[in-house]
Amino acid sequence: MIVSASYRTDIPAFYGTWFMRRVRAGSCTVGNPYGRPYTVRLDREAVSGFVFWTRNAGSFLPVLRRLASDGYPFVVQYTINAYPRVLEASVIDPARAAEQIQAIAREFGPRVVVWRYDPVIVTNATPISSHAARFARLGESLAGAVDEVVVSFASFYRKTRRNLGRAGGVDGLDWADPPAERKRETIARLAGIAGTFGMKLTVCAQPELAAGGAGEASCIDAARMSDVAGVPIEARLKGNRPGCRCHESRDIGAYDTCPHGCIYCYAVSSPRAARARHARHDPDGPSLG
């Protein structure tokens with residue numbers, strides 16, 4: 001079983017102590033909005049590998065070293081967008097994030113880290129014409145450390161629209177959802193830039209936008225995990241939504257618990273509530289919720 005930790009929140013940045021205590025305990029509890037909570041085993045016999053999702057892995061490096069020494073394979077999906085603070089209130093500086101990716105790749109190998117430039121969001125602070133230059137600067141800083149970059153255009157869920165609307169009222173932010181052809185043109189351009197830095201660009205759960213040699217992303221990727229582990233890891237394709245090419249996994253995070261403050265985030269309905277829930281978190285508890 002591949003364990004995802006977590007596309008619902010940033011466990012490496014904010015919940016590393018809790019995670020390591022649950023690994024030592026051998027399991028954790030995951031809240032279920034549609035039914036009863038369930039238990040996920042975290043012992044080495046049950047876990048074929050971890051996929052971590054983060055914007056700041058600095059304090060998590062000791063955890064990665066411990067996992068490696070205990071024989072757990074892992075892959076890190078690391079997001080760096082370098083957007084203005086009006087969109088990303090408290091993520092770390094892009095240069096510092098790039099240094100962390102370089103450090104992880106040096107210590108554990110370049111197949112361990114995947115860069116995410118995700119989501120591509122079009123606002124008056126980030127016009128569609130600005131993404132190529134920003135992407136190229138980041139790509140140059142990550143050359144040699146990663147071989148894949150995952151992108152997708154922002155999906156405007158109800159909670160996302162609400163948070164963007166609040167930012168519009170306070171900060172004058174205006175957003176747009178470009179037509180599909182303009183998105184494909186942008187992705188094709190980013191794919192060409194990625195290639196100059198030795199990276200393959202893949203598109204997450206939006207196969208209709210893949211263009212210019214871009215592929216479809218498998219963010220939970222059994223083949224990559226097999227390369228990291230050095231042994232075959234079997235998992236069936238089981239996407240989380242239409243167009244998703246992920247392999248089957250169990251996610252152990254909780255929504256509305258990430259205090260990064262990214263107003264486009266699909267996993268946070270209220271940044272203020274997320275900060276409050278993070279402040280109430282019990283690192284000795286069985287779950288994040």
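Start by selecting Y255, which sits in the loop between strand 12 (249-251) and helix 9 (271-279); helices (H or I, at least four residues) and strands (E, at least two) are DSSP runs, numbered from the N terminus. You are looking at a predicted model, where local features need pLDDT of at least 70, side-chain atom pairs count only at pLDDT 80 or more, and totals for chains, interfaces and linings use all residues. Residues are numbered from 1 along each chain as its sequence is written, and side-chain values use heavy atoms, with hydrogens and water left out.

Is Y255 buried, exposed or partly exposed? Its relative accessibility is 37%, so Y255 counts as partly exposed (buried is under 20% relative accessible area, exposed over 50%, partly exposed in between; 1.4 Å probe, protein chains only).

Next, go to R161 in helix 6 (residues 158-171). R161 is partly exposed because its relative accessible area is 44%. Leaving aside residues up to four places away in sequence, R161 touches F156 and W175, where contact means heavy atoms within 4.5 Å. Show the side chain of R161 as well: it reaches the backbone oxygen of F156 at 3.0 Å.

Not counting residues up to four places away in sequence, W115 touches several residues, including Y78, I80, F135, L138 and M199.

Notes
Polar contact = N/O pair within 3.5 Å; in protein donor to acceptor, adjacent residues only side chain to side chain.
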